[in-house]
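Please consult the sequence and structure shown here alongside the text.

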Amino acid sequence: MNNKAHWELFITFFKIGATTFGGGYAMLPIIKREVVENRDWLNDEEFIDVLAVAQSSPGAVAVNSAVFIGQKLQGFPGAIAALLGAVLPSFIVILTIAMFFTRFTEHPVAVAAFAGIRPAIAALIAAAVIKIGKPVFTRRRNVILMVSFLLLSLFLDFHPVAIILLGAGLGLLFHWLACRQVAPEEEKQ
Amino acid sequence: MILFELYLAFLKIGLFSIGGGYVMLPLIQKEIIENHGWLTLPEFVDILAVAEMTPGPVAINSATFIGFRTGGFLGAVLATAGVVTPSLVLMVIAASLLARFYENNWVKAAFSGLRPAVVALIIGAAVFVGRASLLDPTSIAIGTVVFIILLKTRLHPIVVLLLSAAAGIIIYL
């Protein structure tokens, strides 16, 4: 047991949970800053891999990433610490609103503040594309795959899980083809 | 008994919400409004507005709110626990398996195809959210300034969000 490490996981994901507005993707720059840049818990590639797993399983992406990273770093107690951290801010805020401010969404200050936050969320996600995409865009094959997946998702309405499965399937297919190409050459030698 | 039903209903909702929070909205509608009658449709719309304007995934926010309305504090705890149970179980298994097989060549190959897929999904989300939130010159200006700040400075994204909320209050109030 490492209480300090569990506490750090809890606090980190509490911070992330407290600022996750507008769906899971807006929190990606925040998670990346906290987990990859400030703490070195994961490198750039491992971070994308966690996202791939978190995105293809049931549940909120933020919660899934928290549990995955907690388990990876500190085992099951770490998973619980990160999960509690990610969930508690929503829980506390919603409980407070449910008990005292049922008309919160009509309050002019809340409406105005949210009008400012909404375009910022779009910017956060766009920034996530640049920051997370950088290590991926270094290979031409990845760029071609990325553009194809984007077109499938935007214009043919492919479900996110279908895109994920397609990506994994193509990765395996390319590897299999590469193995087959190498194998006969080895036989010749 | 209603507490156990709340846990089960939200466990089901959590289990079938793959690929983003908005996927589970029709599920909540069916389970909570039609099957159990715990909520009316206008109440549900109110909860969505609250969920959207508060931090946290929509799934968690709705679970806590509906749980509290239906079963008080314990109801809120059990509904929230229900909606995150699938995440906890599946991600603990996935992380343990991946720790063992991460160096396997086939696993590596699958992830090399997954990375561009993840980036494509994030771009898709940016387009989706941008369409809904960049509607007039003011919001486009806020979005552009925030984007440049995020790329060009080391300002923490949380600070940037707080600044945008302040800008909203100054501009729109």
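B:Ser133 is found in helix H5 of chain B, residues 105–133; helices (H or I, at least four residues) are DSSP runs numbered from the N terminus. The model is predicted: local features need pLDDT of at least 70 and side-chain atom pairs count only at pLDDT 80 or more, while totals for chains, interfaces and linings use all residues. Residues are numbered from 1 along each chain as its sequence is written, chains are lettered from A and ligands numbered from 1 in the order in which they are written, and side-chain values use heavy atoms, leaving out hydrogens and water.

With a relative accessible area of 6%, B:Ser133 is buried (buried means under 20% relative accessible area, exposed over 50%, partly exposed in between, with a 1.4 Å probe and protein chains only). Not counting residues up to four places away in sequence, B:Ser133 touches A:Arg118, A:Pro119, A:Ala122 and B:Ser139, where contact means heavy atoms within 4.5 Å.

In chain A, helix H5 (residues 108–133) holds A:Gly116, which is buried at a relative accessible area of 0%. Neighbours within four places in sequence aside, A:Gly116 is in contact with B:Ile142, B:Ser164, B:Gly168 and B:Tyr172. A:Leu177 lies 61 residues from A:Gly116 in sequence and 50 Å from it in space, C-alpha to C-alpha.

## Nonpolar core

The largest nonpolar core has 113 residues, of which A:Phe13, A:Ile125, B:Phe10, B:Ile32 and B:Ile122 touch the most other members. Such a core is a set of buried Ala, Val, Leu, Ile, Met, Phe, Trp, Tyr and Cys residues joined through side-chain atoms within 4.5 Å.

Apart from neighbours within four places in sequence, B:Ile122 is in contact with A:Tyr25, A:Leu28, A:Ile125, A:Ala128, A:Val129 and A:Ile132.

## Partly exposed residue

B:Ile93 lies in helix H4 of chain B and counts as partly exposed, at 45% relative accessibility.

## Interface of the two chains

In chain B, 80 residues are in contact with 98 residues of chain A. The two chains bury about 8,000 Å² between them, 80% of it on carbon and sulfur atoms; buried area is the accessible area (1.4 Å probe) that two parts lose on being put together, summed over both.

Three salt bridges are found across this interface, each a side-chain nitrogen of Lys or Arg within 4 Å of a carboxyl oxygen of Asp or Glu. B:Arg154 forms a salt bridge with A:Glu37, their closest N and O atoms being 3.2 Å apart.

Definitions and conventions. Helix = DSSP H or I, 4+ residues; strand = E, 2+ residues; numbered from the N terminus.
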